[in-house]
Amino acid sequence: MLAAFAIILIDLLGRAGLDKVLALAGGPAMVALWAQLQSVVELVSAVTMAGVLQGLTVLIAQVNEKRDERSLLRDALKLGLITSLAVAVIVVLAAPELAAWLTQRKIEAELFWLAALAGCITVVPATLNAYWLGKHQQQRMLGLALLTSMVWLLVAASAWSGLNLRGLIWVQSLALAAIGIAIWRYLRQLTRPRDGQEKRSAYFRKLVKFVPVGLAIGIMSPVSMLLVRGMLSDTLSWSDVGFLQALWRSTEWVTATAAGVLSLIFLPRLSKTFGSARFTKEMTRAGVIVLVPAACLLLLIFFNQRAMLATLYDARFVVSDQTAALILLGSWIRIASWLFLFGLFAAHRTWLIVAGELLSLPLFALLLWMFADDMTLERTALLYFVSYLVYLGFNAIALLYSSRKSKDSGGAIALV
């Protein structure tokens with residue numbers, strides 16, 4: 001658990017430090033535009049990380065044979081890279097239109113190409129991370145987190161020295177490439193068959209079942225955020241988008257920690273216990289450990305939100321109390337929805353996860369489009385809260401349905 005918290009803290013400190021430098025070097029607009037580029041990186045990488053690699057963690061936790069582990073890791077690496085590469089090609093082809101539509105040509109199309117490349121490279125260390133998570137080797141994951149955090153450090157140092165967005169995305173891509181090559185060589189050794197008679201494992205088909213989940217979450221979430229920032233820059237301004245991005249980043253100290261605890265600690269446990277009486281106990285334990293502290297910390301952020309934004313960014317970053325309250329409440333609802341989401345991952349309920357994903361950030365983007373007239377930050381925050389309230393309700397009902405169906409079938413996990 002200590003290793004898990006250290007991994008989460010390293011990532012948060014790296015991102016927060018970079019945002020602070022970007023705010024000082026380029027102001028709110030630069031924070032928002034960098035976030036747009038990073039959404040492209042996440043779009044390409046998350047289609048694998050949220051699908052195939054989540055499946056890798058779940059299945060590694062459920063197998064016992066070394067041969068199956070090697071086969072799973074080998075297949076996950078291939079399947080993940082192919083999936084992300086396919087999305088990267090689409091991004092490259094659509095880059096001119098994306099640059100015009102989502103950034104009003106404030107970001108050149110070539111930078112979308114580099115962001116797509118960075119997303120593909122990210123899959124390599126993420127695969128090793130997912131494999132170690134399934135084997136409960138959080139100490140090794142901590143070392144990998146320290147290594148990859150060097151990317152944020154290099155980008156922050158480059159921003160401080162005065163590099164523009166083009167230079168920063170080049171630094172990110174080259175640093176990731178250096179790390180990715182080293183990890184690729186290690187993965188090749190790890191997945192090499194121990195004899196010449198290893199056959200393709202039947203687990204490959206189970207990994208494939210997680211591909212739609214990755215496509216749904218990995219595409220819908222980053223694309224929705226790209227659309228959200230693009231629409232708000234039209235109805236408000238890039239500076240307002242920067243303020244909202246700063247508030248979201250501030251809540252990540254809680255939301256990312258909660259997601260990390262659910263993923264790094266409880267996902268392997270839920271995967272092992274689904275279909276048994278222990279599953280409900282693990283869900284209850286996860287809820288108590290995650291939701292109660294999250295509520296307290298988000299309340300603390302609300303009462304100190306102006307000081308926190310000024311510390312993490314600068315004094316220009318200010319939002320109203322109503323905006324902050326609704327975003328923070330929506331963030332707590334979001335964490336609660338993740339509890340049931342990880343339960344659905346453990347149950348292999350991939351199509352329910354796909355259906356539910358439409359009711360999170362995509363629903364938020366749709367509501368922003370429907371109520372675009374006279375948009376304000378307060379209205380934006382209200383729509384954010386409503387979206388995740390709907391998402392929470394769907395996930396809770398879907399997991400209850402899955403658990404009952406598993407009991408009716410004698411405790412077997414139904415592979416949907």
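**Notes on helix packing in this model**

1. Let's start with α8 and helix α10 (residues 305-312), whose axes lie 10 Å apart and pack at an angle of about 100°. That angle makes α8 roughly perpendicular to α10, since values from 65 to 115 degrees count that way. Please keep in mind throughout that this is a predicted model.

2. Which residues of α8 meet α10? They are Ala246, Leu247, Ser250 and Trp253, and their partners in α10 are Met308, Leu309 and Leu312. Sorted by class, this contact of α8 with α10 has six nonpolar residues, one polar and no charged ones.

3. Helix α8 (residues 238-273) also packs against helix α7 (residues 211-235): their axes come within 8 Å and cross at roughly 140°. The two helices are therefore oblique to each other, and the crossing of α7 and α8 is right-handed.

4. On the α7 side of that contact you will find Met225, Val228, Arg229, Leu232 and Ser233, while α8 contributes Trp238, Val241, Leu244, Gln245 and Trp248. The contact of α7 with α8 divides into seven nonpolar residues, two polar and one charged.

5. The axes of α1 and α5 are 11 Å apart, with an angle of about 50° between them. α1 and α5 are therefore oblique to each other, and α1 passes α5 in a right-handed crossing.

6. From α1, the residues Leu22, Met30, Leu33, Trp34, Leu37, Gln38 and Val41 meet Leu165, Leu168, Ile169 and Gln172 in α5. By class, the contact of α1 with α5 holds nine nonpolar and two polar residues, with no charged ones.

7. Helix α2 (residues 66-103) deserves a look of its own. How far does α2 span between its end C-alpha atoms? The span is only 48 Å, whereas a straight helix of 38 residues would reach 56 Å at 1.5 Å a residue.

8. Where in α2 does the kink lie? You can find the kink, of about 65°, at Ala95, shortly before the proline Pro96.

How values were computed
Residues are numbered from 1 along each chain as its sequence is written. This is a predicted model: local features need pLDDT of at least 70, side-chain atom pairs count only at pLDDT 80 or more; totals for chains, interfaces and linings use all residues. Side-chain values use heavy atoms; hydrogens and water are left out. Axes are lines fitted to C-alpha atoms, for helices over the stretch in contact, and angles run from 0 to 180 degrees between N-to-C directions. Helices (H or I, at least four residues) and strands (E, at least two) are DSSP runs, numbered from the N terminus. Angles under 35 degrees count as roughly parallel, over 145 as roughly antiparallel, 65 to 115 as roughly perpendicular and the rest as oblique. A crossing is left-handed if the near helix is turned anticlockwise from the far one by less than a right angle, and right-handed if clockwise. Contact means heavy atoms within 4.5 Å. Ala, Val, Leu, Ile, Met, Phe, Trp, Tyr, Cys and Pro count as nonpolar, Asp, Glu, Lys and Arg as charged, and the others, Gly among them, as polar. The expected span of a helix is 1.5 Å times one less than its number of residues. The bend at a residue is the angle between axes fitted to the seven residues ending there and the seven starting there.
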